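Student: Please take one part of this model and go through it closely. State the cut-off behind each term as you use it.

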Amino acid sequence: MVGDRETREKISGDAIEYLNAGLLKRGLLTRATHIVFLSPPLCITRAEIERIVAILDDSIGDMERTFGLG
Amino acid sequence: MNDTGDTGLSNEAALKEAANKHILMHASPYGALGSDSAKRILVEGKGCMVTDIDGNEFIDALAGLWLVNVGHGRAEIGAAMARQAGKLAYASSTQATTIPAIQLATRLSEITPGDLTTAFFCSGGSEAVESAIKIARQYHYFNGAPKRTKIIGRRGSYHGGTFGAMSVSGTRPQSEPFHGPFMPGVLHASPPYCYRCDFRQTYPSCDLLCADQIGQMIEYENPQTVAAVIAEPVSASNGIVVPPDDYWPRLRGICDQHGVLLITDEVINGFGRTGKMFACDHWGLVGDIMTMAKGLSSGYAPVGGVMCRPHVMAAFEGDNKLSHLLTYGGHAVACAITHRSAMCAGSACWPESSWSATGKRARKFPATPSNT
């Protein structure tokens, strides 16, 4: 994830801490830096994938709004 | 109520307090469990879901640490572990091997790329990388090139936390303040990361400068001093960096041209993680030495392995014994359950036949343990 698509500056600091907290609060265990790492068990169901995507959407959107990104 | 054994830790609060005092969590400050809401005590898992001691459920979107490929809570794997533990848990890694180890090695020789044939077992990915480095150096020593000791890694890559693995990793800015100086004789080349190209070039007009740079490094250093190049087929820690399709054939050729061994690190990539059994399979790539761990046991046992091709093994014939041993290499219980996990990963429904050419999963892998 970049804060500026021209300079490709990586998102870091408070925004990433906020994102990690948001992912956890919404029930997703993973690790985010400027990269959100996703490697779930390969037995994952379609419903679980959709839930992961929804949590990511909510959490990243929340971060973008809070920090004026995107 | 959780199983607290004979410790007298009979409730959640006591367990949390004890954990905070008696466990130094990895990559964490002391006492993190009490101060960091991202740390927790997990008590149960099933498929993709895990539950903590407070009853909170989470989707495990990282499969632990990139490894629980077959999912949590597969009691049949635990049962295989129990059967082997009751029969024979351990045999000296230097004086004996066991039937589970033989079965696992044979299975791996069947499913790993090309003519990777012989397994050296260890306890995890870092040990696998350490072992691969030591095997590569001894290969050259026994082939009359004792000065071939240098290892070339790539910037941004991660190969493990032990000293050699950390040294060949391309994550020095994070670890150098605490752990430098690193193992000498290690160089780092640019990764095939087109979005953040070190050369400010664009593929394909770059003509793979990043691969050619490794050839230039080998030539500059003198090929007779270089033992191996180590790289993940798809660099995970660098951001799941998938290289251009002609990158691996080019780099494979460069290594061959200079007599340098190629160590393909499939610790994260392997066992279905990239949609094929091994990421090397996307490009028909065969490393001279291949490391594996993580998905090998799907986390049900701490186990890793190093697969070697026949020409590598040929250097160790006769009196040329391997100068390397690890106490838990080929642990019978680990191999018994790992064999089952690898069989599961390699079964008819998984993963090649479960993904169509369009990338859509064609056949569903059972999401929950079959015996629950």
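Tutor: The part to take is chain B, which is divided into domain 1 (12-63) and domain 2 (75-354); such bounds come from an automatic or database domain assignment. Taken over C-alpha atoms, the centres of domain 1 of chain B and domain 2 of chain B are separated by 30 Å. The model is predicted, so local features need pLDDT of at least 70 and side-chain atom pairs count only at pLDDT 80 or more, while totals for chains, interfaces and linings use all residues; side-chain values use heavy atoms, with hydrogens and water left out. Residues are numbered from 1 along each chain as its sequence is written, and chains are lettered from A and ligands numbered from 1 in the order in which they are written.

Chain B has twelve helices and ten strands. Helices (H or I, at least four residues) and strands (E, at least two) are DSSP runs, numbered from the N terminus. Of the 372 residues in chain B, 51% are buried; buried means under 20% relative accessible area, exposed over 50%, and partly exposed in between, with a 1.4 Å probe and protein chains only. The accessible surface of chain B is about 17100 Å², and carbon and sulfur atoms account for 55% of that. Such areas come from the Shrake-Rupley method with a 1.4 Å probe, and for residues only the protein chains shown count as cover. Among contacts in chain B between residues at least 6 apart in sequence, 68% join residues at least 24 apart; contact means heavy atoms within 4.5 Å.

Two residues show how such contacts are placed. B:Met307 is in strand 10 (residues 304-308) of chain B and counts as buried at 1% relative accessibility. Leaving aside neighbours within four places in sequence, B:Met307 has contacts that include B:Leu108, B:Ser109, B:Thr112 and B:Leu116, as well as B:Asp288, B:Ile289, B:Met290 and B:Met292. B:Gly170, by comparison, is 137 residues from B:Met307 in sequence and 23 Å away in space, C-alpha to C-alpha. B:Ser126 belongs to helix 6 (residues 125-142) of chain B. Not counting residues up to four places away in sequence, B:Ser126 touches B:His159, B:Gly160, B:Gly161, B:Thr162 and B:Ala165. Between B:Ser126 and B:Met166 there are 8.3 Å in space, C-alpha to C-alpha, for a separation of 40 residues in sequence.

Next comes the backbone. Most residues other than glycine have a negative phi, and most peptide bonds are trans. A cis peptide bond joins B:Gly180 and B:Pro181, with omega about 0°, and B:Pro181 sits in the loop between helix 8 (172-179) and strand 6 (186-189) of chain B. The bond from B:Tyr203 to B:Pro204 is also cis, with omega near 5°; B:Pro204 is in the loop between strand 6 and helix 9 (209-221) of chain B. B:Leu208 lies in the loop between strand 6 and helix 9 as well, and has a positive phi near 55°. B:Leu208 is buried, with a relative accessible area of 1%. B:Trp66 also has a positive phi, about 70°, although it is not a glycine. B:Trp66 is found in helix 3 (residues 63-66) of chain B and is buried at a relative accessible area of 9%.

The cysteines can be treated briefly. A disulfide is a pair of cysteine sulfur atoms within 2.5 Å. By this rule there are zero disulfides over all chains. A:Cys43 is in no disulfide, and the nearest cysteine sulfur, that of B:Cys48, is 4.6 Å away. A:Cys43 is buried, with a relative accessible area of 1%. For B:Cys280, the closest cysteine sulfur is in B:Cys255 at 12 Å, which is too far for a bond. B:Cys280 is buried too, at a relative accessible area of 0%.

Chain A gives some context. It has two helices and five strands, in the order β-β-α-β-β-β-α from the N terminus on. Along its principal axes, the C-alpha trace of chain A spans about 40 × 20 × 15 Å. Buried residues are 43% of the 70 residues in chain A. In chain A, 49% of contacts between residues at least 6 apart in sequence join residues at least 24 apart. Chain A exposes about 4000 Å², with 49% supplied by carbon and sulfur atoms.
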